[in-house]
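Please open the model in a viewer and keep the selection panel at hand.

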Amino acid sequence: MNLDLYTLYMLSMVILSIAMVAYMILATLGSRGKREPEKKVITVLRCSKCGYTRTRDFKEGDYVGKVVDEVCPKCGINLVIDAIYEESITGLNQVLRNKRKRERTRKRQVARNGSS
Amino acid sequence: MANATSPWFGGGSDLATWIIAISILISTILSIFAFLGVAQGFQLRIWKAQIESKLRILENYRDEVRDEVRKRLEKLGARNVEEVLNTALDYFVISPVSIEPTDIIKRLERVLRTEEERLEALVTRSLGSKVDDVVVKNSVTLLAIANALNILYKYIRHILLTGIKTRNALLVAQLWMLLPFYMRIAKAYYDASKVIARGVPIGDAAGPLAAYKLMKMLPRIEGPVEITKDTIYSVHEYENRRVIVVKAKGPGSTVGRPGEAVEKIVETLSPSSIASIITIDAALKMEGEPTGSIAEGTGVAMGDPGPEKIRIERIAVRHKIPLYAIAIKMGLEEAITAIKKEIVVGVEKAVEHAKRLIVEETRPGDTIIVVGVGNTLGVAQ
């Protein structure tokens, strides 16, 4: 085929248009795929005598000011819920959590296969 | 160059001629479509499809919250659950007449209190009197969220159908443009329902949490005493001053009646001994401001529709009491979803700031009222 300058110009315009449309579609699909980071709620327990603190996952029924059954390892008195907050699981925590989740799913599948 | 005389007109290859011909044809058709309004019709269909897909998400949010409340009430042994849900989801409040402003605040207060009492009575009657107050309060808040989602869903559907019925492209376009904002609010409500069902404190609990921290930090002289419905106060000692801390009664989901409580406290005590009233509340941050940052100001930090705030303002004016405010900044979504660590850190800063304000602005022997404003879900006293 004999391609002159004008044809080359027109072809490049068509290719550019197709590339732009493809980019827009990919950008739209990419933004849809974004997922929010996983979050978990933490309960902070504090000893009202010595100030010892430790954290654990939130349990239903927890509220700030509640005296819980867990005791202070130093004073032996019951700990009080000092704060409750939510935090995002990122980096290594996220990896470990995902790994634990995968393991749980695998064990469940193995158990299901075994029972059937 | 294949055609040196005229590369742009008449001298190109066959392919180029076809491309030009097709381009001209397409632009001619599009121009005719634009004149006939067909293009607008196409655009309207695209907007409609996109709004409908968001409406399905919104409907899903509403139904999920409704099911969550139903399950919760059934688990607690409630009677006539469907009836309670139907009443609460379509419950509405009519604003008082505003062209006659005399006593509008009292009328608004009456309307809002009637709404609150009616919804609480609805849940209490269905659950029976043996159920814990915290459960009732949290269930009422969940019903209020289901109600908000239902109204939002119905409103968006109404605008869309009206736009299509009257072929008003501008109305549909406006809705389409505002939809991301509505969806943000809807998502925040949906997330809030999950948090409230579990009893996790929300961002708006920053004020009551600050009050709780002060109560635990300062030596207690008296209290806590319930001074008015769902609102408590306790008296503490700090740097030879009396500090009266007021907050909603937790850990159930309620904002209490802080305005009425402050009014009663001031009237009961000798008003001249009150050196200042400090309100601590969650405040909406501007985009770009960090969550949990604090700011000091003057006035009453309170996001109520007016009746509670005005009581504090009026009593302060009557007795010339200075009003100080401490704001803990957060976004709209953060205020109604699980409290973040940054906000808890902000609460600690707000408490220290309140203590500094007390020392700087009052003298030994004075009495100071500190009010932790907000929803006290998950925060006791």
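Begin by selecting chain A and chain B together: in this predicted model, 29 residues of chain B are in contact with 26 residues of chain A. The size of an interface is often given as the accessible area lost when the parts come together. Between chain B and chain A, the buried area is about 2,200 Å², and carbon and sulfur atoms contribute 67% of that area.

Next, select B:Lys213 and A:Asp82. Their side chains form a salt bridge, with an N to O distance of 3.5 Å. The rule finds one salt bridge across the interface of chain B and chain A. Across that interface there are also four residue pairs in polar contact, with both residues at pLDDT 80 or more.

Remain on helix 1 of chain B, residues 14-36, and display the surface. Ten residues of this helix make up the largest share of a nonpolar patch. The patch consists of B:Trp18, B:Ile22, B:Leu25, B:Ile26, B:Ile29, B:Leu30, B:Ile32, B:Phe33, B:Phe35, B:Leu36 and B:Phe42, which together have about 1,200 Å² of accessible area.

Finally, centre the view on B:Ile29, which lies in helix 1 of chain B. Its relative accessible area is 40%, so B:Ile29 is classed as partly exposed.

Technical notes:
Residues are numbered from 1 along each chain as its sequence is written. Chains are lettered from A and ligands numbered from 1 in the order in which they are written. This is a predicted model: local features need pLDDT of at least 70, side-chain atom pairs count only at pLDDT 80 or more; totals for chains, interfaces and linings use all residues. Side-chain values use heavy atoms; hydrogens and water are left out. Patches are made of residues with over 30% relative accessible area and no salt bridge: like charges are joined within 9 Å, nonpolar side chains (Val, Leu, Ile, Met, Phe, Trp, Tyr) within 5 Å. Accessible areas come from the Shrake-Rupley method with a 1.4 Å probe; for residues, only the protein chains shown count as cover. A salt bridge is a side-chain nitrogen of Lys or Arg within 4 Å of a carboxyl oxygen of Asp or Glu. Helices (H or I, at least four residues) and strands (E, at least two) are DSSP runs, numbered from the N terminus. Buried means under 20% relative accessible area, exposed over 50%, partly exposed in between (1.4 Å probe, protein chains only). Contact means heavy atoms within 4.5 Å. Buried area is the accessible area (1.4 Å probe) that two parts lose on being put together, summed over both. A polar contact is a pair of N or O atoms within 3.5 Å; within protein, one must be able to donate a hydrogen and the other to accept it, and residues adjacent in sequence count only if both atoms are side-chain atoms.
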